[in-house]
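Hi,

Here is the structure I said I would pass on.

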Amino acid sequence: MAAQGSRHAAGSVPGVRVEIHGHRGARGLWPENTLPGLSRTMELGVHALEIDVALTADGRLVLTHDLTVSAVTSADTRPLSPGDPLYPYVGKPINALTLAQLRTLDVGIRWPRHLDDPFALTQAAIPETRMPTLGAVLGLLNAFEAENVRLHVELKSDPTRPELSADPAMFTELVIDELDRHGRLGNAAVLSFDWRIVSRAAELAPGTRRFALIELDTLHWNGDLGDDVPAAARAAGATTLSPEHVMVDESLMAQVAAAGLDVAVWTVNDPAVAVRMLDLGVAGVVTDYPDRMRQLWRERGLELPDPIGPLRPVGV
């Protein structure tokens, strides 16, 4: 990694690569963690697609940000079978439901349960969208021949709620195996707030990027990290520190540089905040609105990710 001074300059130097990471695809524009949302995000153009995965009752890796079925991003349509005792599925733990049960949900509409939800106002609905598997996403990337788009897979795990979370070692192994099966280990990253997953990924796939996610509310998940969180993240096996943007200042960036890590900051939707992050020298910005970041990147002369064209009919 470059020293802090040169990385700081990178935020302002035309042509330098500072990455745009689409958060859950592009949550502000299209339904999160869905195939149509991800495909449209690639067509817009990002350096990386960030998705969330959890494990179902029958051991399948599905895209979901929450460990229980969210009433904001999901709606019941029907029980899988008449009299299913787990129906309705909204509100139930992901790990208590099978893939078939979860596939009955409509995850293409952001249900306006909360008046202060900004995404309900800007997100285009795609009704009748189903919850995809990680394998389906990897298949989509291969179909798009999206070699210039990195897939960032956040493994959802909460050490304080073990009853809702998969065993971290086994969970990590399943994700690494799926990435390997699709030839993506060299063009992916494993992310988690649970650093047990980061450490296991370092053992299993040392050539794959590993992001230690942090926020103030969950720092305690990983024990006493002391006064130097970047150094602790490096010791846990991380290659990148990924903090909530409110945590990023010159002091943190100096510690990150000393630890030899990059910084990918989340979740930045205000271009003014993004400017501050760029000037501090971050290497990547995670955003719900890649369109806004693309405009800022254009204004600052930064390298823009190429849009990936829509799929063509077979034979064309």
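**What I found**

The largest cavity has 15 lining residues, and those nearest its centre are Leu63, Thr64, Thr73, Ser74 and Met131. Bear in mind that this is a predicted model. About 120 Å³ of space lies in that largest cavity, and the count of cavities of 30 Å³ or more comes to three.

The largest pocket holds about 490 Å³ of space. It is lined by 31 residues, with His65, Glu154, Lys156, Phe193 and Glu215 the closest to its centre. If you want to find it by strand, β1 (19–23), β2 (48–55), β4 (150–155), β5 (188–192) and β6 are the elements that each give two or more residues to the lining. Of these, β4 gives the most, with three residues.

Next, have a look around strand β7 (residues 240–243). Which way do its side chains go? Thr240 and Ser242 point one way, Leu241 and Pro243 point the other way, and all are buried.

β7 has a parallel partner in strand β6 (residues 209–214), with four bridges joining the two. In that pairing, Leu213 sits opposite Ser242 of β7. To get from β6 to β7 the chain goes through helix α8 (residues 229–235), and this β-α-β crossover is right-handed.

β7 is also joined to strand β8 (residues 262–265), again parallel, by two bridges. Here Thr240 is the residue that stands opposite Asp262 in β8. Helix α9 (residues 250–259) makes a β-α-β unit with β7 and β8, and that unit is right-handed as well.

Last, the packing. Which residues have the most contacts inside the largest nonpolar core? They are Leu151 and Trp195, in a core of 65 residues. Leaving aside residues up to four places away in sequence, Leu151 touches Leu49, Ile51, Leu134, Val137, Leu138, Leu141, Leu179, Arg184, Asn187, Ala188 and Ala189. There is also a second, separate core of 13 residues, with Leu67, Ile94, Leu102 and Val107 among them.

Cheers

Note on methods. Residues are numbered from 1 along each chain as its sequence is written. This is a predicted model: local features need pLDDT of at least 70, side-chain atom pairs count only at pLDDT 80 or more; totals for chains, interfaces and linings use all residues. Side-chain values use heavy atoms; hydrogens and water are left out. Buried means under 20% relative accessible area, exposed over 50%, partly exposed in between (1.4 Å probe, protein chains only). Two strands pair if DSSP finds at least two bridges between them. A crossover is right-handed if, with the strands pointing away from the viewer, the path from the first strand over the helix to the second runs clockwise. A nonpolar core is a set of buried Ala, Val, Leu, Ile, Met, Phe, Trp, Tyr and Cys residues joined through side-chain atoms within 4.5 Å. Contact means heavy atoms within 4.5 Å. On a 1 Å grid over the protein atoms alone, a cavity is a set of points where a 1.4 Å probe fits but cannot get out, and a pocket is an open set with protein on both sides within 12 Å along at least five of seven lines; lining residues have an atom within 4 Å of a point. Grid points are joined across faces, edges and corners, and a volume is the space filled by probe spheres set on the points.
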